[in-house]
Number of protein chains: 2
Amino acid sequence: MKKLINDPRDVVDESVEGFGLAHADLVTVSRDPLFVSRASGAVSGRVGIVSGGGSGHEPLHAGFVGYGMLSAAVPGPVLTSPTPDPILAATKAVDGGVGVLHIVKNYTGDVLNFETAADLADADGITVASVIIDDDVAVKDSLYTAGRRGVAGTVVVEKAAGAAAERGDDLEAVAEIARRANAATRSMGVALSAGIVPHVGEPGFTLSDDEIEIGIGIHGEPGRERIPLEPADKIVERLMTPILDDLEVASGDRVLLFVNGMGGTPSLEQYIVYRHAAAILADRGVEVTRSLVGSLVTSLEMQGVSITVTRLDDELLALWDAPVETAALRWGR
Amino acid sequence: MKKLINDPRDVVDESVEGFGLAHADLVTVSRDPLFVSRASGAVSGRVGIVSGGGSGHEPLHAGFVGYGMLSAAVPGPVLTSPTPDPILAATKAVDGGVGVLHIVKNYTGDVLNFETAADLADADGITVASVIIDDDVAVKDSLYTAGRRGVAGTVVVEKAAGAAAERGDDLEAVAEIARRANAATRSMGVALSAGIVPHVGEPGFTLSDDEIEIGIGIHGEPGRERIPLEPADKIVERLMTPILDDLEVASGDRVLLFVNGMGGTPSLEQYIVYRHAAAILADRGVEVTRSLVGSLVTSLEMQGVSITVTRLDDELLALWDAPVETAALRWGR
């Protein structure tokens with residue numbers, strides 16, 4: 001295992017500490033329990049938004065804490081859900097008196113721990129609404145998950161909900177926006193190599209020299225199939241067809257096209273993937289109204305990409321375009 | 001070789017095409033000769049800024065084309081300088097009548113080809129000034145280079161020069177800002193693994209399972225030494241000490257600290273590196289006034305990082321903070 005780390009047990013604490021130092025203008029880091037929240041603190045009368053999950057997917061979620069997106073992020077151990085305690089602490093820290101939305105990727109551990117934290121918050125007089133993200137069309141009911149998994153589409157949901165909270169929507173309205181953004185979003189990924197969990201020291205799975213895995217999960221959990229390496233355009237077709245079929249994308253639709261690097265795949269390749277995904281949409285008469293390309297929902301140093309498509313209506317488009325100021329996404333400010 | 005590509009000969013064209021499609025609001029792609037320029041075109045009375053070099057370092061340089069930074073970028077073949085033709089075409093395309101600055105990383109091929117293009121532009125009545133970037137303290141006179149190499153500090157120079165051009169500085173003033181930013185900047189990198197040039201198909205060099213290379217170049221050219229893998233904090237010390245000694249950083253100085261991922265190293269590790277680099281600066285009484293963390297000057301899928309430190313004065317700080325709107329850096333707009 002070759003990584004730029006110190007003691008494998010300190011990876012998350014040290015990385016979050018570095019993140020807090022680098023972005024002290026945007027965020028504050030609570031060390032114990034561990035969570036990252038906006039430097040500006042809770043805003044009275046504004047819905048707070050908390051997300052979180054296992055570490056190793058950076059910049060998700062801490063990279064999206066800031067104006068117009070998350071109020072706080074709760075990083076768990078690597079590829080492991082945070083416990084209810086830090087989720088509860090983050091929820092309390094961002095409560096502006098009008099409730100808090102939990103945005104939870106659909107993995108059993110995350111769902112349970114966010115539920116427990118929501119119950120505890122409720123007992124403390126904080127109203128919590130929860131939205132489960134399940135954008136991954138690759139498989140239903142997999143390792144760690146009942147139903148579909150939540151993957152890179154989480155970025156779209158966090159952006160839409162954050163913009164809704166910022167414009168003053170109430171808790172139910174912000175939650176409804178998040179549900180609608182999730183319902184309009186589909187994703188699927190491919191791995192060329194596996195990430196290595198630091199305290200394990202071995203790859204999460206093994207692919208032979210000419211093998212790839214279609215439909216990989218962001219924890220390295222199994223996808224649809226392992227096949228020989230193919231040209232990028234063929235791989236892109238294998239991802240786009242299930243996405244577009246499932247989303248029932250039709251000619252005339254407007255979409256956000258998001259190509260996400262898995263951590264070990266450089267920008268050069270991400271844009272080759274983007275190129276053909278855009279061509280497939282053009283062939284179907286679909287307008288790519290907004291684009292996003294970057295390594296935003298990673299799986300440690302995994303080589304691979306995922307593609308996310310969100311069908312945009314006027315409101316989701318306006319929420320996407322609204323100002324955002326976070327470490328990983330920033331525009332309009 | 002496992003990459004998300006089609007024909008290895010088409011990698012650059014297809015990636016740049018994808019980049020142009022994804023960022024059509026910011027850039028226009030000229031296919032033949034190949035260069036990327038601002039969608040808004042040349043601005044009359046404003047100094048144009050052109051950079052470029054071999055591909056494989058994305059988002060450098062095309063990711064920095066846009067308001068407040070580059071006017072155009074010229075991508076060569078992978079890890080190979082562009083020829084004078086596209087450099088000349090880009091120079092003509094961005095000339096606003098008051099001259100064009102070439103920002104050139106110090107590699108023999110780049111220097112020669114940009115010089116030739118400058119001579120040809122001059123014959124066409126366009127005044128060109130050139131600034132050579134040589135921020136890498138690792139080695140002097142290496143493969144491809146007489147003198148020091150230009151690496152991630154290029155981002156700082158392009159940002160400072162772009163902001164100077166945007167505020168209306170004349171050609172000589174913009175060139176002077178670029179030279180001053182370069183003189184205030186030092187970098188050094190480390191590789192854990194090598195990138196693979198697509199049409200070669202084999203790694204540019206080989207490191208054993210527990211070996212790293214200190215002072216690596218962004219083309220995989222040799223650094224200072226190969227040593228066994230160490231904890232991140234020790235590696236960071238090996239990079240920071242030569243940087244700070246060479247820059248003669250003193251207590252009370254204000255700096256920009258930039259941790260750059262080499263393409264295959266995820267955000268999680270980059271912030272662990274940032275954390276200790278910041279601690280070393282704090283120990284020396286140096287104020288980290290601005291921070292940047294991300295994979296901005298890569299070497300294909302190389303695993304590793306570089307660290308860049310720029311000593312800031314009031315003017316360089318103001319130029320850094322000035323609005324920028326490019327695919328890879330965006331704030332204030």
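In the predicted model, a rotation of 180° with 0.0 Å of shift along its axis superposes chain B on chain A, with an RMSD of 0.0 Å (least squares on the C-alpha atoms of residues with pLDDT of at least 70 in both copies). This is the relation of a two-fold axis. The same surface serves both copies, as 100% of the contact residues of chain B recur in chain A. Of the residues of chain B, B:Gly264 comes closest to the rotation axis, its C-alpha lying at 2.0 Å.

Residues are numbered from 1 along each chain as its sequence is written, and chains are lettered from A in the order in which they are written. Local features need pLDDT of at least 70 and side-chain atom pairs pLDDT 80 or more, whereas totals for chains, interfaces and linings use all residues; side-chain values use heavy atoms, without hydrogens and water.

Contact, defined as heavy atoms within 4.5 Å, joins 55 residues of chain B to 55 residues of chain A. The two chains bury about 4,600 Å² between them, 62% of it on carbon and sulfur atoms (accessible area, 1.4 Å probe, lost on being put together and summed over both parts). In chain B, B:Lys2, B:Leu4 and B:Leu268 lose the most area to chain A, together 21% of what that side buries.

Four salt bridges link chain B and chain A (a side-chain nitrogen of Lys or Arg within 4 Å of a carboxyl oxygen of Asp or Glu). In one salt bridge, the side chains of A:Arg275 and B:Glu14 meet at 3.9 Å, N to O.
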